[in-house]
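Trainee: I have a chain to look at. Can we go through it step by step?

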Amino acid sequence: MPTDEKNNYDDKVLTFDEIDEGFSIKEAIVEAKRCLNCPKPLCRTGCPIENEIPNFIQELAKGNFGGASSVIARRSNLPAICGRVCPREKQCEASCVLNKKGQGIKIGKLERFIADFDAEMDISPLIKESGTKGRVAIIGSGPAGLTVAGDLAKLSFEVTVFDDQSEPGGVLMYGIPEFRLNKEVVRREIRRIERLGVVFRTNLLVGQDITVDEMFQEGFDAVFIGTGTALPKRLEIPGNGLSGVIQAMYFLRMAMLANSGEVNSLEVPIHDGDKVIVVGAGNVAMDAARTALRVGAAQVTVVYRGTEQRMTALKSEYEEAKQEGVQFKWHRSPIRYIGTCRLEGLECEYMENAQEGSVRGTGQIEQLPANKVIIAIGQRPAARIISTTSGIEVNEQGYVITKVRPYGMTTRRGIFAGGDVVHEPATVVLAMKEAKKVAEGIVQYIEAKKLMEECADS
Ligand SMILES: Cc1cc2nc3c(=O)[nH]c(=O)nc-3n(C[C@H](O)[C@H](O)[C@H](O)COP(=O)(O)OP(=O)(O)OC[C@H]3O[C@@H](n4cnc5c(N)ncnc54)[C@H](O)[C@@H]3O)c2cc1C
Ligand code: SF4
């Protein structure tokens, strides 16, 4: 029989305030001074967007915060966000040589410190080339769309971002919970991109309110699709339609809207005293479980068919979830929702390890009581844009197929794509990394297009 994690609930009141408070000026400088400024900086190799890490840390150590901010801005449009939510423990911080002494540099917190300081004091200028090189429409304002928008605006393209939500930011705004990423920080980063001249058109569902073909008719030279993975995967087991089965992304979005006063807290589908099960063990499951505790759930249990070693959530997220009182049941695979009209629980089969990382059922059953079950087993792209635009090919799972030259162009000329809608749900910085390369592809495409138009006119 599998062993389960049991946690002691304490009386600590969990709030949506950001948990990590960041560095003070003194702490940031002391930390920066520890950096060895390695000639071959492994930290930079570990960063997917190759942030100039030692360079900005050296400026920070000298107290030149504006210089540090300008160095970071050369590679990133979203430093305050990356400094908070990047999986640093697997990237830059994991690569720092000082880890050998157990004292790796806290790079994320330094990046966050600089970005926050700059936002408060407005110390670094926004650098933008003059003139207009072309017009680009961007669909989706998550990290992929924001990165393409920022990079192209700096190179003096006219950029308009379309998004179906009431505020831009994608998962940064409506997915990652407030206690990990303060929404004012997201708004601040977006305002900075706006100051580069980017126009945001929200509450517009592309494929319904406007089509991609209409965007070209409006005079855009290229269109970028960065629409992420909006469709949650369902758990196809008996009892699916029972009231009380909730998708994690819907729950997280409603919790965010209630926090910002846009909906009544009664509309959030978890209430005081609820007994909640979360199915899945990735970062979305951790966020949903921790958010459920914050909106008043009396008990939250994560159920996963694999083991602790195989879960995809970051170790730090898992540890924090445990500390906050989330319980974990490993080796349980849901087979049926229990209840007649309303949900009363989840029936699971005990699993055991099989060959090469897989698990198999044992035939033993456990019934877990719950009046709410949150499903966090993944998402996939919606087909709205593809079904209303001819010529864009997708793979079997619905992910958009793109080319290497020009980088990121789909099978339809002038339409590009990047981020999760191409590369499957990943991370903020991986969406940014790809988006940076796609921005270069768009520049090449528009320059070639303009040249052809000039030749045709002459
Ligand atoms: C709950 C959660 C927590 C996460 N935590 C982390 C983390 O801590 N660290 C990390 O690095 N990564 C994390 N991730 C992953 C990361 O957020 C994503 O990989 C990233 O946001 C993908 O960026 P994107 O720009 O491709 O898409 P998204 O952020 O999904 O943005 C897509 C945008 O397009 C809009 N859109 C979709 N269709 C249309 C349409 N037809 N018309 C107009 N607009 C449209 C959507 O509303 C959305 O605003 C998390 C993801 C989730 C869901
Ligand atoms: S690897 Fe560590 S010590 Fe070396 S430059 Fe990077 S942050 Fe500094």
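Mentor: Start with a definition: helices (H or I, at least four residues) and strands (E, at least two) are DSSP runs, numbered from the N terminus. This is a predicted model, where local features need pLDDT of at least 70, side-chain atom pairs count only at pLDDT 80 or more, and totals for chains, interfaces and linings use all residues. Residues are numbered from 1 along each chain as its sequence is written, chains are lettered from A and ligands numbered from 1 in the order in which they are written, and side-chain values use heavy atoms, with hydrogens and water left out.

Trainee: Which helix holds A258?

Mentor: Look at residues 248-259. They form one helix, and A258 lies in it. The helix is α12.

Trainee: Which residues does A258 touch, not counting residues up to four places away in sequence?

Mentor: Contact means heavy atoms within 4.5 Å. Sequence neighbours up to four places away are left out. That leaves V263, S265 and V268.

Trainee: How far apart in space are A258 and E453?

Mentor: In sequence, 195 residues separate A258 and E453. In space, go from C-alpha to C-alpha. The distance is 50 Å.

Trainee: Why does the chain count as being as compact as a globular protein of its length?

Mentor: First, the protein chain has 17 helices and 15 strands. The radius of gyration is taken over C-alpha atoms, and the globule rule is 2.2 Å times the number of residues to the power 0.38. For 458 residues the rule gives 23 Å, and the chain is close to that, so it is as compact as a globular protein of that length: its radius of gyration is 23 Å.

Trainee: How many residues do domain 2 and domain 3 each bring to their contact?

Mentor: Domain bounds come from an automatic or database domain assignment. Domain 2 covers 135-230 + 381-457, and domain 3 covers 232-378. Their C-alpha centres lie 32 Å apart. The contact takes 15 residues from domain 2 and, from domain 3, 14 residues.
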